[in-house]
Amino acid sequence: MKHEWKKQEKQFYLPKNKPEIIEIPEMKFFTVSGEGNPNDEALGEYIGVLYSLSYAVRMSPKKGLAPDGYFEYTVYPLEGVWSLTKKGIAENDGSLNKDHLAFTLMIRQPDFVTYEYALETIERLKKNKPHELLEKADFQTLAEGKCIQMLHNGPYDDEPESFAMMEEYAESIGVKRLSKNHREIYLSDARKTEPVKLKTVLRFECE
C-alpha cells in the first residue's frame, strides 16, 4: 500500500486554520541553506536541487538502486525554516529586510533513507545532474518537539497576522515561543496558485 502523507500524517501537514499545540517527532530531511528574499527567483534553484534529490530516492527502484526497506510513497512537500541575520532588521526603524533572511529549505524523506544512502544519492546526482548547490546539500535528522502550528490561507505577506494568532494562543495555554525562527510547509505551488488561494502550514517551537 502506497504511503501518502496527506492521508496517513494529517496531523503534521493538514492542520486547521486556527492554532493548535502538537509534538513533532524526529524526521529525516534533505536540506540546503542560504540567505535572501523568499520572493527572489533565485530561490527556485535551491528548490530544484531538493526535488532532484527527493525524486532520485523516489525513483531509485527503476534504476536498481532502491535502499533496504523501500516502499511506495508520495514525495513530501517543501519546507523552510526562516530566521533573521544581523542585517535582517533595519537599525533606523526596526523594519524587516527580507533580503537578509536566512533559510534552510528541506524535503522530508522516508525512514528507510539512511545517512549513508542519502550521501550516496547526493554524490550520484553530482555526477549525473551537476549543480553548484549540491555542494551545500545535506541530510539531517531533526526533531522540533513541542510546537504551535496552524494552516495559513492566503499570501505569504499576510503571515504575520497568523503568527500573531499563534503567539496569542501560546500565551493563553501558558507556553512560550522559543525564538523568532519559524517553519513553513508549502502545500501549494506558488508558481501555479493565486496568492489568495495559497495554503501554508506555519509552525514555531515552544516550551
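These legends walk through several close-up views of a predicted model. Residue numbers start from 1 along each chain as its sequence is written, and side-chain values use heavy atoms, with hydrogens and water left out. Because the model is predicted, local features need pLDDT of at least 70 and side-chain atom pairs count only at pLDDT 80 or more, while totals for chains, interfaces and linings use all residues.

**View 1. Trp5 and Tyr13 pair up edge-to-face.** Searching the whole structure turns up 14 aromatic pairs. In this one, the ring centres of Trp5 and Tyr13 are 5.3 Å apart and the planes sit at 65°, so the pair counts as edge-to-face. (Rings of Phe, Tyr and Trp, the last by its six-membered ring, pair if their centres lie within 6.5 Å; planes under 30 degrees apart are stacked, over 60 edge-to-face, and the rest tilted.) Trp5 and Tyr13 also belong to one aromatic cluster with Phe12 and Tyr76. Trp5 is buried, at 7% relative accessibility. (Buried means under 20% relative accessible area, exposed over 50%, and partly exposed in between, with a 1.4 Å probe and protein chains only.)

View 2. Setting aside residues up to four places away in sequence, Tyr13 touches several others, including Met27, Pro77, Arg108 and Val201. (Contact means heavy atoms within 4.5 Å.) Ala118, on the other hand, is 105 residues from Tyr13 along the chain, and their C-alpha atoms are separated by 23 Å.

**View 3. Two arginines lie over ring faces.** Arg58 sits over the face of Tyr73, at 5.7 Å from the ring centre. Over the face of Phe29 you'll find Arg183, 5.5 Å from the ring centre. (A charge sits over a ring if NZ of Lys or CZ of Arg is within 6 Å of the ring centre and within 35 degrees of the ring normal.)

**View 4. Helices H3 and H4 cross.** The axes of H3 (residues 43-58) and H4 (residues 115-128) come within 10 Å and cross at roughly 115°. (Axes are lines fitted to C-alpha atoms, for helices over the stretch in contact, and angles run from 0 to 180 degrees between N-to-C directions.) Where they meet, H3 brings Ser52, Leu53, Ala56 and Val57, and H4 brings Tyr117, Thr121, Ile122 and Leu125.

**View 5. Thr31 and Asp138 come together from two strands.** Thr31 is part of strand E1 (residues 20-35), and Asp138 is part of strand E4 (residues 138-153). Their C-alpha atoms are 5.1 Å apart, though 107 residues separate them along the chain. Thr31 is buried at 2% relative accessibility, whereas Asp138 is partly exposed at 30%. Beyond neighbours within four places in sequence, Asp138 is in contact with Phe29, Phe30, Thr31 and Ile122.

How values were computed. Helix = DSSP H or I, 4+ residues; strand = E, 2+ residues; numbered from the N terminus.
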